[in-house]
Amino acid sequence: MMAFNSLAALKNLPCPAGDKCDAFMCLFGHEGDASTQSSNQELPRKRIKLDSTSGPSTKHTHQNDISSEQHPIKRKKTMSDRKEYAGGGDKPSPPVAMGRNIHASAQNADRNDGFRTKSTKKPENSTRDSIGPSRMMSNTSPNPSGAQARNKISSPSASNVTRRQGAQLGSYQGERSSTKSQGSQLVPTSSSTTKTSNTSASSTTKASNTSASSSVRAPPKKLETLNPRLLRPSPAQHSTRLQLCNALYAQYRRLNIEVKKDWRNEESKKLVLGEQELIVKTLDDEQEIATKRYQIYGNVMKNRIMTYKKMSVSKWKEERASALTGTEPQGNGEGSATPKPIITGLTVPQEVDFLHRLVWPLDGLGSYGYVSSIPADDDIQKARDSVQTSGNVEVCDRCTRRFQVFPGRRELDGALTTNGSCTFHPGKTYFPPSGNRKKYRCCHQYVDNADDGCTTGPTHVFKTTDPNRLASLLNFAKTPPNPYVPADRAVCFDCEMGYTVYGMELLRLTVLSWPNYEILIDILVQPFGEVLDLNTRYSGVSPEDMVTAERWVPGQDHKPVSIPSANPANPANPAERAGKTKLKIAPSPKAARDLFFSLISPNTPVIGHGLENDLNALRVIHTPCIDTVLLYPHKRGLPIRHSLRYLTETHLDRKIQVETDQDAPQGHDSSEDAKAAGELVRLCVKSEWEQLQMRGWHVERDEVFPPF
């Protein structure tokens, strides 16, 4: 403001160029301006409060604001101008432009209510200080043109409304006050009247806002198209999701059309979905699978599509009726506690006979851990010599540090290993859905940023997969002939292992009949070497189980012992009401292997997941093996494989190996794993038999015959 006053004072000084000055709007005084210098006194100006509802929309006001900034007013108002308009001179611009100016002025005045109220209490001689310097500096041009006058009237700021504009507004006051919805009341110059107008204007604004908000209705629901909804992270590419959505929608639409054909039935009419309802159902189901089954999105969607492709109209009606009544969740129940039974269409002997079609030869899989021949004695002796030469120095299977092992304990202090404790990450690595950096499942830390480990073990451990070194402890053996085994027997089995001073040894053996899943063998095994870690997190075998187990003697009953429940009348806990089973313990891995040989023959199909680990732990070579790793291969091939938990959840819609307490995991249940592998094989038998039936295969006299 002080800079503006100093610039305005230059008008009292003569121009240095004199009459030769050709500057536009020169800041200095000239002889032609001397006569009007005394009359160019700026009159005090008062802000006015205008009704915010007057004038056009805000959009027009914004345009006028821009126009006013681009074409600033060039001339100051003089006393002669005031007298001219007050005496009934020429009228100003049309009231349309005036209305725009009033609306803009009222908006600016509403935004600065506090400042404006305070300024009205100032004396009139201080009113000049409240006027913006941009207006006072720009209003220096004499004799403005008509366009400039219009720009001057459409100024957006209420603080720059002059007494001359007030006179113009006074001529329209009567007309505007008669119509409340369009008019704006002219505010007197007294401070008391200004306060009253501010209060009334603000109350009018609040009332208008309240009525507007009460009349607003919720927008109608937007119609959706058959386009997958945006998800972050997305389980697949948009083209893949779109293709699966179209396929699922096609099955929904097919079933819906079949129900629609029965238009005479009133019950069927209620079950028919509209076009938009079909689209919403498709998108809802796809979004639920994408969020809840992110890792296996593609497989679950394909299974859902095949389910509805094979679904009958009657079953679709039942599902629609249950969805309307809310008795059952809509969908096919992924992850349900009671999965649907697998029906192959064959008898038990026929299924067992059909298993031979699924046997995979193990001759070319030696590089992946499958042993197909017994190691020679010379190779076994070389493996023993190499271990003795190295001084039993091994590489830790967890932290990869070197340490020394002492089978039979070190004589000096009775230690089993050296190099102290082992700090490691017990969980496997995985890729999270929202990134490309690996994490540990145990602590969910990034692999590249993780420390040495989140868990500390008392000793280091190691594992060996060399068949010659495994045979140095107990040599491999092929399945001997056994005439007492039924010809229609097939078994699925699983082994649990732990770490000893000789590597990883057998701790538990479980064998189930297939496809009835009756327990044939479930027994603990005493390993050859001293135990370093029972690996309870995965094996499920605890030290208490090994210590308190009853010793089994070959020739006696090896089945688990049932312990009666302490509270059999408790109906709230079925597990406690049924009691517990206590496993017996075999004296050695060789005794457990002999027990296993007593139940199978060389022609008995053996089912499992990752059979090379289980067979190597038993030191068994068995030819008719059916491995779910080979039946359900990974797309990148061996040695990469799917876990049994993943395959069970994907194909059987069932969860296994679920830990209730992550801080104290109970480990895997070998009988549960063996049954899951058997169910995966039955599912494969069902699929293979359906394909053969399409080619002409048939069943006669309980035997399967090829087409003629």
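I take helices (H or I, at least four residues) and strands (E, at least two) as DSSP runs, numbered from the N terminus. The model is predicted: local features need pLDDT of at least 70, side-chain atom pairs count only at pLDDT 80 or more, and totals for chains, interfaces and linings use all residues. Residues are numbered from 1 along each chain as its sequence is written, and side-chain values use heavy atoms, with hydrogens and water left out.

Cis prolines. I looked up Pro515 in the loop between strand E9 (503–514) and strand E10 (519–525). Its peptide bond with Trp514 is cis, with omega about 5°. I then went to Pro639, which sits between helix H25 (628–631) and helix H26 (644–651) in a loop. The bond from Leu638 to Pro639 is also cis, omega near 5°.

Positive phi. I found Asn392, not a glycine, with phi near 60°. Asn392 is in the loop between H18, which covers residues 377–389, and strand E1 (393–395). I noted Arg619 too, a non-glycine with a positive phi of about 60°. Its loop runs between helix H24 (611–618) and strand E17 (620–621).

Exposure. I call a residue buried under 20% relative accessible area, exposed over 50% and partly exposed in between (1.4 Å probe, protein chains only). Arg619 is buried because its relative accessibility is 7%. Asn392, at 24%, is therefore partly exposed. Pro483 has 71% relative accessible area, so I list Pro483 as exposed.

Distance. I placed Pro483 in the loop between strand E7 (477–478) and strand E8 (490–500). Pro483 and Ser601 are 118 residues apart in sequence, yet their C-alpha atoms are 7.5 Å apart in space.
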